[in-house]
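These are my notes from a first look through one structure. I wrote down each thing as I looked it up.

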Amino acid sequence: MAWNQLSSNHSPGAHVATQWYQKTWVILAFLFFFFPVGVFLMWKFTDWKKRTKQIFSGIFGVWFVYWALVWIAVIFGPDLSIKQIQIDSTETTIVLDINEEKTLPIKLEPENASSTGLKYYSDDTNIVSFDDGTIKGLSEGSTTVYLTYRDINSNAVRVVVEDKKRIEAEKQEEAEKEKQKQKDEEQANDIIKQIKALEEPTLDNKTKVEEIRKSYDKLPSEAKTLVTNLSDLETAEKKISELEQAQREQERLEAEAAEQAEQERLAAEQAAQQKAEQERLAAEQAAQQKAEQEKAQQQQQQETPPQQTQQEKPQQPTQQEKPVETPKPPEQQTQQPPANPNSGRTIYRTKNGKRYHYDGNCNGGTYYPTTLEEALNARLTPCQKCVY
């Protein structure tokens, strides 16, 4: 509005030639930069209203006085420029967390010197940042920070940025590892004591050895490495294994001996049965022969006519006469036992079997034909499935 008044108050119709110092922009420039000349030109050569001239005189007058005082203070006042910069920190190393902010204490000499123009520097700007005297941790690491003002440098301070969450997590993890280590040592010592307490390995303490082995196998891998006498446990296991093998061999020999005895018993029973069968057949044959002889005698007596009387009894043989020999009864005759009816029968056996069979397909094995005599000579016993 003031500018419009200036423009409107100036008479555009004046034909008087104006000098350069009478131009409005020149007068305003003098008012701004050199108030005494500007105020003189304003009151002398402008046709502005008095009120406008008073306003401009007051505004630019204050402006002129302010800068006059500043220049007087600069020229005639004390020297307030920075002479020395000191990072006043009691800590030789400043520790920050990530994203943690901390004001950097600064001491200037003189004390009332202005901090305007101070610059902050760091060896690694990726670790810390600066914001008007405040440092902020950005990433883990260490760096050296200092300040400069023109050609003056401050002392350097080491700043370390740590990820405290990570460090705390690592401490907890380390504590857990230490706790687990103690637990492993306790478990390992318990196994060591159990192994030391083992007596001479026998089949009686086999269960104890197996329990120790199970307890050892359940240990974590770190705890297993702490068992120093594991070789003693392995030696005990090996000894028990040898005893078990010897026991199994003994049981096998006893089982074979028992089986051999059973085979001999069965062979003896078979022989006794065969003998009894032969005697039975011989008795039946002898009885049959006797019955046939008696039948033949009866027929002969029936066919002979009755010619003799009581007076015609046959004379008794004298002592000098030799009696006619009568045939021996059948039971007194020497009888040869008949052959076994199965002796001519084809018998079957396996290559290493201990029994003989009548059925060549018994039990689905691979059988070879032989004779009963050969089977008995080989001490084979009859199969209880197809022979009886």
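Which residues does E244 touch, not counting residues up to four places away in sequence? I found L203 and K206, where contact means heavy atoms within 4.5 Å. E244 itself lies in helix α8, residues 230-303. E244 is buried because its relative accessible area is 17%; buried means under 20%, exposed over 50% and partly exposed in between, with a 1.4 Å probe and protein chains only.

**Ground rules.** I am reading a predicted model, in which local features need pLDDT of at least 70 and side-chain atom pairs count only at pLDDT 80 or more, while totals for chains, interfaces and linings use all residues. Residues are numbered from 1 along each chain as its sequence is written, and side-chain values use heavy atoms, with hydrogens and water left out.

**Whole chain.** I noted 9 helices and 14 strands in the protein chain. Helices (H or I, at least four residues) and strands (E, at least two) are DSSP runs, numbered from the N terminus. Of the 388 residues in the protein chain, 24% are buried. Among contacts with a separation of 6 or more, 59% are between residues 24 or more positions apart.

**Near the start of the chain.** I looked up Q19 and found it in the loop between α1 (2-9) and α2 (24-33). Q19 counts as partly exposed because its relative accessibility is 38%. From Q19 to F45 is 26 residues in sequence and 9.9 Å in space, C-alpha to C-alpha.

Next I checked how α2 meets helix α3 (residues 35-45): the two pack at an angle of about 145°, with their axes 6 Å apart. Axes here are lines fitted to C-alpha atoms, for helices over the stretch in contact, and angles run from 0 to 180 degrees between N-to-C directions. The crossing of α2 and α3 is left-handed, that is, the near helix is turned anticlockwise from the far one by less than a right angle. On the α2 side I listed I27, F30, L31 and F33. They meet F35, V37, G38, V39, L41 and M42 in α3.

**Rings.** How many aromatic pairs does a search of the whole structure find? The search gives 12. Rings of Phe, Tyr and Trp (its six-membered ring) pair if their centres lie within 6.5 Å; planes under 30 degrees apart count as stacked, over 60 as edge-to-face and the rest as tilted. W67 has a relative accessible area of 36%, so it is partly exposed.

Another pair is Y120 with F130, which is stacked because the ring centres are 5.3 Å apart and the planes are at 25°. This pair links distant parts of the chain, 10 residues apart: Y120 is in strand β5 (residues 119-122) and F130 in strand β6 (residues 128-131). I have Y120 as partly exposed at 22% relative accessibility, and F130 as partly exposed at 25%.

I also noted one aromatic cluster, formed by F32, F33, W63, Y66 and W67. Elsewhere, the charged end of K224 sits over the ring of Y216, 5.6 Å from its centre. The test for this is NZ of Lys or CZ of Arg within 6 Å of the ring centre and within 35 degrees of the ring normal.

**Cysteines.** I counted 0 disulfides, a disulfide being a pair of cysteine sulfur atoms within 2.5 Å. C383 is buried with a relative accessible area of 5%, and C386 counts as buried at 18%.

**Backbone.** The peptide bond from E109 to P110 is cis, with omega near 5°. P110 lies in the loop between β4 (106-109) and β5.

I then looked up two positive phi values. D132, not a glycine, has a phi of about 50°; it lies in the loop between β6 and β7 (134-137) and counts as exposed at 76% relative accessibility. R150, also not a glycine, has a phi of about 55°. R150 is in the loop between β8 (141-149) and β9 (152-153), and at 72% relative accessibility R150 counts as exposed.
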